[in-house]
Structure formats: structure tokens, C-alpha cells
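Here are my notes on the model you sent. Please read them with the structure open.

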Amino acid sequence: MTKEQVLEHINKNRVFSVIRDDGTFAPYDVARALIDGGLTTIEISMDIPNAIEIIEKLQPENILLGACSVITAQQVQQAIQAGAQFIDTPVMEMSVIKFSKGDAKVPLIIGASTANEAYESWKLNTLYTKIFPTKAMGGVKYIAYMMRIMPFLRLIASSGISTKDFTEYLEVGAVAVGLGRKLYADAANFQEITMRAKAVKTKLEIYLESTK
């Protein structure tokens, strides 16, 4: 998938499903349940012990598949060899940035917390800048502040965002949002996870329609 195709997919599907190991459900099964619910931008956290295996199993799916929590160039290489189509870092790790933009030539999302880090990410011409952890940094008001002082930024809000308030981040200028455990934590079964995904998809579609 080209950079342009990745951008097109994200523009149409503004929600990233961030899959972590919460100790209740197998991460692969959580991903499948979310895909069944219509959420097709999937990130597999590289701190899951079998993350590479999960990426390999999901790779044939008709989705946009990325690796997140990437902090080393070796993880970049492993993830893209397994089938990841983009890389998402929690921090500005230069070895990851250089390898992703150089040898790997893979779309890159850089994690940032402060205004200075977000600006540095923009100067590096990365795909997007992920504000992490968004909720801890001030939530919707923080994203609104960032966009007010630097409206050229392409921000993804991630961490602590709920299925109930995620459109508020889009309203203040975020390009997309990352939803994690709120999608599957405390669910009774996979059917409930799928229903949560469908509810998010419906809410997103209503929001996008209202902005046309």
C-alpha cells in the first residue's frame, strides 16, 4: 500500500483500533472482532509477546494494518516483513525515524507530547504526529490548543479517549483518534466487542456526514 493509499484510508476511517494484551482476550481475536464491527485501521502493539505472529495472521485481511509502540529499528524491520503497512512510535526515537524513512521507506507516525516535539515531528515530514498520552496532557482542550498555535499540524489523538467522546477530538482539528482498551476492556465476549465497534463506526459516519 502506497503512502497515498494509507492517507486515503485514514481520511475515510478516522479511528485507529489499538490492540494491546489486556490479559482477558487473545489480541488476534480482539482484532478480528473489531474488524467484523467495521473498524478497519488496526494497530498491533509491539509489546505483545506474539505481535509479529498476529501481524502475519492479519496481513491477508482487507484492512490497514500497522505496528505501534515501536521503539527500535529492529522492530520496524520485523513488523514490515510480517506485513505491517505503517509504523507508529510512542516517542521521537531517531533510529526508528531514520530507518523507517530511509531503508524501510514505510509511512511513519511519530509520537509526541509537547508542542516542541509536535513541531519537530512536522519538520521531519512524517505521515502524522500522534499526541500521546492525549488525555493526560489535557484531552480535547490540549488538542485544540495545539491546533490553534500550529494549524498546519496533522494530529492523531491517542490514549485515554473513549468511545463516547472521540468525535470531540475530531471537532477541534485532530485528523484521527486512537481507541484502545475502551473498545474491548470489560467486554463479556467477542460479540460485545463487535457491537462496540459497530457503535463507534455508526457514530463516526454520523459525524462525518454532519461535516459535509
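1. Helix 10 covers residues 190-210, 21 residues in total. Helices here are DSSP runs of H or I with at least four residues; strands are runs of E with at least two, and both are numbered from the N terminus.

2. This is a predicted model: local features need pLDDT of at least 70, side-chain atom pairs count only at pLDDT 80 or more, and totals for chains, interfaces and linings use all residues. Residues are numbered from 1 along each chain as its sequence is written, and side-chain values use heavy atoms, without hydrogens or water.

3. Which residues of helix 10 are buried? They are I193, T194, A197, V200, K201, L204, Y207 and L208. Down the helix 10 axis they fall within an arc of 145° (directions from the axis to the C-beta atoms), so they line one face. Q191, M195, I206 and S210 are exposed on the other side. Buried means under 20% relative accessible area, exposed over 50% (1.4 Å probe, protein chains only).

4. The cover over that buried face includes helix 1 (3-12), strand 1 (15-19), helix 2 (27-36), helix 9 (166-171) and strand 8 (176-179). Contact means heavy atoms within 4.5 Å.

5. The barrel has 8 strands, closed in the order 1-2-3-4-5-6-7-8 with parallel pairing. Two strands pair if DSSP finds at least two bridges between them. Strand 6 (residues 128-131) and strand 7 (residues 155-158) pair over 3 bridges. T129 stands opposite L155 in strand 7.

Technical notes: Expected span 1.5 Å × (residues − 1).
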